[in-house]
Amino acid sequence: MDLATRIAAGQGGFVLFALTPPRQSTPAERLPEIARATVERLDHLDLDGLILYDIDDESSRNPAERPFPFSPTVDPSTYRAEHFGSWRTPVIVYRAVGKYQPEGLRTWIAEQDPRSTLTVMVGAASSGATPPLSLADAQALRAEANPDLLLGGVAIPERHRRRENEHLRLIAKQEAGCRFFVTQVVYDVNAAKNLVSDYRYACAERGTAPVPIVFTFSVCGSMKTLEFLRWLGVDVPRWIENDLRHATNPLRASLEQSAATAAELVEFCRRLDVPFGLNVESVSIRREEIEASVELAARLGAQLRVSPDAR
């Protein structure tokens with residue numbers, strides 16, 4: 001079954017690769033070249049789909065100085081339509097809904113083919129923001145304009161550790177139409193396992209079947225990247241930071257740590273009978289980090305295919 005069919009059936013067992021489109025400042029003539037190189041780099045992987053992120057300025061959420069300056073990127077849907085026509089699997093297109101006017105988003109939703117496109121809708125970065133379109137409004141637009149378009153939501157294990165209610169937020173999003181969830185980058189495996197466990201048993205209490213949770217992993221080749229992950233809200237346990245800081249090859253140490261975390265979550269989800277997917281995020285422009293992300297995706301894919309019928 002392809003990605004959309006699996007998710008519609010509430011089944012997991014798939015592997016994704018996530019990309020951020022090039023910056024808007026990238027010369028237009030370079031965009032086809034960048035996309036072509038990306039397709040060639042990923043073509044040998046046994047991927048079930050791609051994720052294209054929609055980047056928004058999150059400075060309103062975190063007043064601390066951003067480790068890397070914010071730079072707007074090409075719209076993911078436009079980038080996909082114009083430069084990824086040869087890609088063979090479905091694509092999950094993120095929509096930071098606060099950036100769009102209602103009619104513009106409605107038009108985009110109505111135009112999508114549910115067989116090849118899925119979407120994850122993300123709300124405003126800060127609760128104090130007043131965007132033209134709320135997440136709830138955007139979810140309602142999807143249900144009205146294209147109900148077959150599979151909708152996903154964001155899951156944040158770290159927020160669950162702090163507030164202990166993320167599992168209830170997932171259930172509320174599920175009731176609003178979400179058929180899958182994608183986490184931010186996972187470094188704290190215990191936070192992720194706590195969220196999965198609480199979500200699983202809260203679903204059981206309500207007689208509701210859990211939907212697939214897609215766990216995101218990313219390699220980290222420098223302390224600057226680690227600092228940026230923390231700025232984004234990712235909790236990195238001190239022992240992992242120590243390992244990376246003192247490793248002879250931090251990139252390799254990060255890859256091994258991510259693979260081990262993924263293996264632990266796979267086993268845990270299978271034991272609790274929670275459908276899951278694995279996603280490798282590549283947002284770096286450094287060649288060695290991109291290649292390490294591709295290697296991680298290959299390893300996770302091989303690991304998952306050992307028991308492809310598992311949820």
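**Strands, cores and ring pairs in a predicted model**

Strand 1 (residues 14-19) runs parallel to strand 8 (residues 276-282), and 6 bridges pair the two. Strands and helices here are DSSP runs, numbered from the N terminus, with at least two residues (E) for a strand and at least four (H or I) for a helix; two strands pair if DSSP finds at least two bridges between them. This is a predicted model, where local features need pLDDT of at least 70, side-chain atom pairs count only at pLDDT 80 or more, and totals for chains, interfaces and linings use all residues. Residues are numbered from 1 along each chain as its sequence is written, and side-chain values use heavy atoms, with hydrogens and water left out.

Back to strand 8. Phe 14 has Gly 277 as its bridge partner there. Strand 7 (residues 213-217) is also joined to strand 8, in parallel, by 5 bridges, with Phe 215 standing opposite Leu 278. How much of strand 8 is buried? The count is 7 of its 7 residues, where buried means under 20% relative accessible area, exposed means over 50% and partly exposed is in between (1.4 Å probe, protein chains only). Phe 276, Leu 278, Val 280 and Ser 282 cover one side, while Gly 277, Asn 279 and Glu 281 sit on the other. In a regular strand, side chains alternate between the two faces of the sheet.

On the pairing side, strand 2 (residues 49-52) runs parallel to strand 3 with 3 bridges, and Ile 51 stands opposite Ile 92. Strand 4 (residues 117-122) pairs with strand 3 too, again in the parallel sense, over 6 bridges; here Tyr 94 stands opposite Val 120. Strand 3, helix 4 (residues 102-111) and strand 4 make up a right-handed β-α-β unit, right-handed being a clockwise path from the first strand over the helix to the second when the strands point away from the viewer.

Now for the nonpolar cores, sets of buried Ala, Val, Leu, Ile, Met, Phe, Trp, Tyr and Cys residues joined through side-chain atoms within 4.5 Å. The largest has 65 residues, and Phe 17, Leu 42, Leu 105, Phe 215 and Phe 217 touch the most other members. Helix 11 (residues 250-272) gives the most to this core, namely 9 residues. Another core lies apart from it, with 18 residues, including Ala 4, Ile 51, Tyr 53 and Val 120.

What about the aromatic rings? There are 3 aromatic pairs in the structure, a pair being Phe, Tyr or Trp rings (the six-membered one for Trp) with centres within 6.5 Å, and planes under 30 degrees apart counting as stacked, over 60 as edge-to-face and the rest as tilted. One of them is Tyr 53 with Tyr 94, edge-to-face at 5.0 Å centre to centre and 85° between the planes. Tyr 53 is in the loop between strand 2 and helix 3 (76-83) and Tyr 94 is in strand 3, so the pair ties together parts 41 residues apart in sequence. Both Tyr 53 and Tyr 94 are buried. Tyr 79 and Phe 84 form an edge-to-face pair as well, with 5.3 Å between centres and 65° between planes.
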